[in-house]
Amino acid sequence: DLSHRDLSYAELRRESEKFAAVLQSLGACPGSRVATLMGKSREYLITLMGIWRLGAVHVPLFTAFAPPAIALRLNGSGAVLVVCDAGQRSKLMPGEDIPASPGWKVITTGVADDGALSWASLMADAQPGIAAAVVGGDAPLIHVYTSGTTGNPKGVIVPARALAAF
C-alpha cells in the first residue's frame, strides 16, 4: 500500500530480542530452521533479525510459491516454525501437500486460528533481553533452495561468513 513507518535501530533491537524470545518459547534454538512466507514489512524485518539473534537458520519461502513447493522446502529443511503473512496463511492449511499434523508450528501476522498462533499476541507477551547468539563463520545462516529448473530443488546452506559478502 506504499505506506511506511520509521523503525529505529533501537526499536529493531528491542523487537528482534522479543521475537527471539518468542521463537525460544516455542522450542526453537540455535541451528533450528525457521521459515518465512512473508512480503517485505516491518514484521518481516523483525522476524528475520529475531531468527538470526537466536542463532536459528532462516528458510525463505517466496510468496509466489504454491503449497507443493512450500511443503517440499519445509519438509526438506526440517523447519520447526513458519511465520507467514495473513494473506499467505491459506497456503499452509492442511491439504494434499500440507499434512494435518505438520512437523512445524505456524505463526501468522493475521488472526490466530486452530493451526496458527498470532504474531502480534506473541509479541505483546514477549520480553526483550535475548542476547545475540555467538556463532562461528561456518554456522548456517540461511537454508535456501535452488529453483528446481534443472531437477528437484536442492537445499543450499549459506554460512554466516557469507554475510560479509552480502
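Lys18 is found in helix α1, where helices are DSSP runs of H or I with at least four residues and strands are runs of E with at least two, numbered from the N terminus. This is a predicted model, in which local features need pLDDT of at least 70, side-chain atom pairs count only at pLDDT 80 or more, and totals for chains, interfaces and linings use all residues. Residues are numbered from 1 along each chain as its sequence is written, and side-chain values use heavy atoms, with hydrogens and water left out.

Me: Does Lys18 count as buried or exposed?

Reply: Buried means under 20% relative accessible area, exposed over 50%, and partly exposed in between, with a 1.4 Å probe and protein chains only. Because its relative accessibility is 15%, Lys18 counts as buried.

Me: Which residues does Lys18 touch, not counting residues up to four places away in sequence?

Reply: Contact means heavy atoms within 4.5 Å. Leaving out residues up to four places away in sequence, Lys18 touches Met123, Ala126, Gln127 and Pro128.

Me: At roughly what angle do the axes of α1 and α2 cross?

Reply: Axes are lines fitted to C-alpha atoms, for helices over the stretch in contact, and angles run from 0 to 180 degrees between N-to-C directions. The axes of α1 (residues 9-25) and α2 (residues 42-54) come within 7 Å, and they cross at roughly 65°.

Me: Which residue follows α1 and has a positive phi?

Reply: The phi of this residue is near 100°, and the residue that follows α1 is Gly27.
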